[in-house]
Every structure is written in structure tokens, then in C-alpha cells.
Amino acid sequence: MDWMEYTVLTTTEASDLISQILMDAGSTGTMIEDKNDVAANQRPEGQWDIIDEAIAQRIGDDVKVTGYFEADAKLADRIAFIEGELRRIAGMDLGMDLGKLETIRHDVAEQDWTESWKAAFKPFRLGEHMLIRPSWEDVEPREGDHVIEIDPGMAFGTGTHETTGMCVRLVEKYVKPGDRVIDIGTGTGILAIAAAHMGAKPVLATDLDAVAVRVAAENVRINGFEGVIDVRCGDLLDVVQESGDVVIANIIADVIIMLARPVRERIADGGIFICSGISAERRGDVLRALDEADYELLDVLDQGEWCAMAARKR
């Protein structure tokens with residue numbers, strides 16, 4: 001079967017929004033190529049590079065968000081939908097730089113599509129001890145490292161985005177062996193798997209997207225945590241009856257603000273709420289929501305245009 005590779009040129013800040021538009025149009029997967037991710041995931045000078053600098057040069061200054069569509073009778077309607085949505089958001093004041101919003105089309109065979117994922121995804125490190133690798137790449141872990149095997153597919157969350165990296169740092173710091181952990185909006189399951197590596201048990205991972213749930217469940221199996229991590233399909237807390245010692249939400253600021261109070265009912269006394277996906281300009285809004293919902297702020301991490309937080313339920 002042939003496919004169309006459809007790319008939108010945008011910015012780091014707007015990349016998630018563009019990805020969602022492509023998914024809403026029926027893309028069977030999205031890929032974000034952002035040179036800022038390369039720089040963010042490089043190792044300190046003098047240690048082996050995690051991502052080849054040539055990748056950053058190839059990506060260029062524009063963030064490329066690519067979707068994949070079957071070349072069938074619905075393709076023209078899907079492209080028309082995307083172009084209409086791009087025109088719509090271009091005329092709105094969203095408080096962010098959307099970039100060029102130029103589009104590039106390329107017809108690819110199914111094998112070419114598979115190889116394009118592989119070319120863009122190389123091993124990299126998150127936090128202090130999490131080493132992320134796709135199945136086709138070999139890595140040499142250091143003592144104390146935890147290797148997480150994640151293949152990019154049809155769900156968000158391969159881990160390259162700085163919001164995920166900050167979340168992992170907070171997971172490493174606050175998740176203790178035996179903690180009960182809930183990961184809301186799990187995507188590929190990378191944060192739930194990181195929590196399991198820190199000794200959390202049990203771990204509950206939820207996502208509204210049925211494709212993400214399937215991908216996360218497969219990644220849980222590949223990484224050997226089937227008896228530890230339970231993956232459920234549902235909207236935010238709708239499928240969560242349990243309480244957790246740590247609740248993780250790497251989503252967006254508006255959802256975190258909305259969740260701040262109701263998620264308390266799912267956090268054990270003295271438990272931790274780790275939240276990320278917060279743009280720098282919404283930092284104060286989220287801090288205010290956490291304070292009003294009676295959390296004690298423990299940590300704020302800043303990286304690029306994003307921040308992540310850890311707060312304790314009083």
C-alpha cells in the first residue's frame with residue numbers, strides 16, 4: 001500500500017497542536033523533527049554523543065511535524081481538512097508562534113515510511129539513569145542505568161520532548177520502591193515504565209486514545225512490566241478508582257489546572273503530583289492552581305519554553 005507523507009513546518013511551541021491536527025485528519029502516526037530535542041538530549045562534553053549532530057543539521061531551523069495517510073479515496077478530503085485547520089489557526093491569536101505553516105507532500109511506499117521513522121529516532125538519555133532506545137539500535141548502558149525500549153509508532157511520547165525529560169527527572173527523584181503510581185495520558189507509556197524501573201508497584205497508566213493504549217500495552221510487555229503496569233483506555237480520571245502515592249500528568253497547562261483539585265482524591269495523604277507539559281507563560285497559572293487546591297510546591301524545573309512541577313498533597 002502507498003502512503004502520503006505530509007509535513008507541516010512550524011515551531012517547537014506549536015508542534016503538539018499541529019500533531020493533533022494531523023491525527024484528527026486521520027494520520028496513522030506523527031513524527032516531530034526538532035533540532036532543539038537533539039541539543040537537549042546530548043551528553044556532557046567528553047562523553048559519547050547520544051544523537052548525531054548531523055541529525056540536527058539535517059532537520060534545520062523549522063520544526064517538521066509529519067503525518068502519514070493512506071493514498072485512498074479519502075486522501076483529498078483529509079488534506080483539505082488539514083489545510084482548512086491551518087488557515088483557521090493562522091487567523092487566531094493563540095499566544096504562540098506558529099511558524100511558517102508551510103506544507104510539504106511526499107509519496108512513499110510502505111517500506112520507505114518504516115525507514116523514515118528509524119532514521120529520525122536514535123538512542124538518548126533521560127534523567128540520570130534512563131536510557132531510551134528503539135529496538136533496532138544497540139546501546140551500552142552504564143552501571144545503574146535502566147534501558148527502556150520504545151519504538152516510535154502511532155502514539156505520542158517517544159521521550160524526546162523536553163517536557164518528558166523533565167518528568168523523568170522528577171520521577172527519578174520522587175518515586176520510591178513500592179509506591180503506587182498513576183500516569184494520566186500515558187501516550188507510549190514511557191513515564192509509567194520509568195516509574196516501574198524506580199520500583200513503583202502497581203502502576204496504572206491511562207489514555208483516552210485507544211491507539212496509544214495499544215502501543216503503551218505493547219511497550220509495557222516489551223519492557224517486562226506486564227505484571228506491574230495496568231494500561232486502561234479512558235478520559236483522564238474516569239477509569240481511575242485507585243489512589244496513588246504519585247500521580248503523573250504530562251499533558252498541557254489547562255488540563256493540569258482543571259485536574260489540580262479532583263486529582264487530590266486519587267492521591268494518598270502526603271502523596272506527590274508530578275505535572276508537566278506547561279508552557280513558560282502558563283507557569284504562574286499552574287502554580288496558583290496548585291496552591292489554591294492545597295498542594296505544597298516541592299520542585300519547579302525549567303527547560304526551554306517549558307516547565308514541570310512536583311507538589312505534595314497537604
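**Reading burial, backbone and sheet**

Modeller: Happy to, and keep in mind that this is a predicted model. Let's begin with burial: Leu101 has a relative accessible area of 15% and is therefore buried, since the cut-off for that word is under 20%.

Colleague: Where does Leu101 sit in the chain?

Modeller: Leu101 is in the loop between helix H4 (75-90) and strand S4 (103-109). Its backbone deserves a look too: phi is positive, about 55 degrees, although Leu101 is not a glycine.

Colleague: What about Asp294: what is its phi?

Modeller: Asp294 isn't a glycine either, and its phi is positive at about 70 degrees. You'll find Asp294 in the loop between helix H10 (283-292) and S13.

Colleague: Is Asp294 buried or partly exposed?

Modeller: The rule is that partly exposed covers the range between the buried limit of 20% and the exposed limit of 50%. Asp294 has a relative accessible area of 34%, so it is partly exposed.

Colleague: And why does Asp34 count as buried?

Modeller: Because its relative accessibility is 4%, and anything under 20% gets that label. Asp34 belongs to the loop between strand S2 (30-33) and helix H2 (35-40).

Colleague: Which side chain does the Asp34 side chain contact?

Modeller: For a polar contact, look for a pair of N or O atoms within 3.5 Å. Here the partner is Thr12: the two side chains make a polar contact at 2.5 Å.

Colleague: On to peptide bonds. Which one is cis, with omega near 0 degrees?

Modeller: Check the bond from Lys201 to Pro202: omega is near 0 degrees there, which is the cis form. Pro202 is in the loop between helix H7 (190-197) and S9.

Colleague: S9 takes us to the sheet. In what sense do S8 and S9 pair?

Modeller: To call two strands paired, you want at least two bridges between them. Strand S8 (residues 181-184) and strand S9 (residues 203-207) have 4 bridges and run parallel. For a landmark, find Ile184, which stands opposite Thr206 in S9.

Colleague: How many strands are in the open sheet, and what is their order?

Modeller: There are 7, in the order S10-S9-S8-S11-S12-S14-S13, and the pairing is mixed. At the edges are strand S10 (229-233) and strand S13 (295-303), each pairing on one side only. From one strand to the next, the twist averages 15 degrees.

Colleague: So S13 is an edge strand, and Asp294 is in the loop between H10 and that strand. Thanks!

How values were computed
Residues are numbered from 1 along each chain as its sequence is written. This is a predicted model: local features need pLDDT of at least 70, side-chain atom pairs count only at pLDDT 80 or more; totals for chains, interfaces and linings use all residues. Side-chain values use heavy atoms; hydrogens and water are left out. Helices (H or I, at least four residues) and strands (E, at least two) are DSSP runs, numbered from the N terminus. Axes are lines fitted to C-alpha atoms, for helices over the stretch in contact, and angles run from 0 to 180 degrees between N-to-C directions. Buried means under 20% relative accessible area, exposed over 50%, partly exposed in between (1.4 Å probe, protein chains only). A polar contact is a pair of N or O atoms within 3.5 Å; within protein, one must be able to donate a hydrogen and the other to accept it, and residues adjacent in sequence count only if both atoms are side-chain atoms.
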